[in-house]
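Thanks for coming. Please look at the structure on the screen while I go through a few parts of it.

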Amino acid sequence: MAAAEEGGGGMAVIRDKGEMRSWSRSRRKAGGGLALVPTMGYLHRGHLSLVEEAKKRAQFAVVSIYVNPGQFAPTEDLDSYPSDLQGTSVGWRRWGSMPSSAPPTFTTMGKAAALEGKLVSCVEDRGGEGAGHETWIRVERLEKGLCGSSRPVFFRGVATVVAKLFNIVEPDVVVFGKKDYQQWRIIRRMVRDLDFAIDVVGLEVVREIDGLAMSSRNVLLSPTERQQALSISESLLKAKVAVENGETSCEGLKASVTWSITQAGGRVDYAEIVDQENLGVVKRIRSPVVFCVAAWFGKVRLIDNVEISL
Ligand SMILES: Nc1ncnc2c1ncn2[C@@H]1O[C@H](COP(=O)(O)OP(=O)(O)OP(=O)(O)O)[C@@H](O)[C@H]1O
Ligand SMILES: CC(C)(CO)[C@@H](O)C(=O)[O-]
Ligand code: BAL
């Protein structure tokens with residue numbers, strides 16, 4: 001495994017966790033903060049917004065790329081998850097404008113290596129209690145409901161690998177997207193409960209021009225599914241407008257979003273309106289909420305949400 005190498009466009013690619021830690025420590029010693037953007041690769045403009053924010057908030061920025069088997073149950077899409085790990089600079093090149101200023105990318109191991117069972121002290125047992133890893137972090141209340149209901153090992157896998165990244169990279173700031181709203185709240189809570197001295201920043205959902213939330217999984221949609229998937233953002237936007245016009249009952253709002261997505265050809269996993277802070281289910285909107293949706297289009301499960309603050 002290479003310790004550190006020069007990737008495309010002059011960015012440093014660090015593959016070894018000891019090397020990563022030394023890199024971070026030497027930069028921090030030199031002064032200036034360090035920001036981390038955790039990702040699973042296959043980079044798109046949503047990720048780019050996080051990187052740009054990271055660069056504003058700290059002198060040094062690190063992007064981690066790791067498709068974490070520990071957050072996928074055996075029935076989930078680890079095998080088909082789009083992967084960039086053969087060439088980490090692909091995403092940077094896709095943006096065209098960035099290469100010279102791209103931050104170091106920390107990639108501990110490829111998905112392929114994980115599947116071959118090569119252990120690099122990551123969360124490599126696909127959610128089971130395998131020999132490779134037996135310590136897990138649970139954020140017990142927030143991990144319930146929404147994505148936690150249909151992805152049984154998802155959030156313990158996320159919390160655990162993110163805590164490991166915190167220990168390896170030792171950032172001052174970490175930047176997440178609010179597209180994964182529950183994930184962002186869970187990480188904020190973990191940081192508070194475990195006293196990590198890290199600021200957790202959440203950024204707005206970046207969308208395609210027609211409104212579809214950017215997602216690495218979008219590339220797996222057929223052209224028809226891609227069109228059908230627009231029903232998520234369109235129906236969420238309508239719900240937001242309805243609330244702004246005085247609607248407060250969640251039942252009708254949820255029924256309407258579910259109907260629109262189903263009519264378009266999707267299958268709703270959940271359409272839920274929850275409190276922005278504690279993610280508790282809300283029946284009548286009286287304070288800031290977030291309307292969260294997960295829906296299937298063919299074999300692809302997408303998530304999206306809108307925050308609605310009265
Ligand atoms: N459209 C987006 N807008 C803002 N942030 C995003 C967007 N898509 C992903 N992110 C954020 O990027 C970070 C890394 O996410 P990840 O690499 O899993 O990409 P992803 O597009 O969310 O993948 P997928 O949706 O297929 O799971 C997360 O903090 C996630 O919330
Ligand atoms: C936070 C994360 C990198 C943990 O594997 C992943 O869940 C993601 O990309 O959102
Ligand atoms: N961004 C979420 C990663 C996952 O779906 O596993």
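Two strands pair if DSSP finds at least two bridges between them. Strands here are DSSP runs of E with at least two residues, helices are runs of H or I with at least four, and both are numbered from the N terminus. This is a predicted model, where local features need pLDDT of at least 70, side-chain atom pairs count only at pLDDT 80 or more, and totals for chains, interfaces and linings use all residues. Residues are numbered from 1 along each chain as its sequence is written, and chains are lettered from A and ligands numbered from 1 in the order in which they are written.

Start with strand 3, residues 34-39, which pairs with strand 4, residues 60-65, in the parallel sense over six bridges. Ala 35 has Ala 61 of strand 4 as its bridge partner.

Is strand 3 buried or exposed? A residue is buried with 20 or more other C-beta atoms, placed from the backbone, within 10 Å of its own, exposed with 12 or fewer, and partly exposed in between. Six of the six residues of strand 3 are buried, so the rest of the structure largely encloses it. Leu 34, Leu 36 and Pro 38 are on one side, and Ala 35, Val 37 and Thr 39 on the other.

Now an exposed residue. Lys 299 sits in the loop between strand 9 (289-297) and strand 10 (300-308). Lys 299 counts as exposed because it has 12 C-beta neighbours inside 10 Å. Its C-alpha atom is 28 Å from that of Ile 187, 112 residues apart along the chain.
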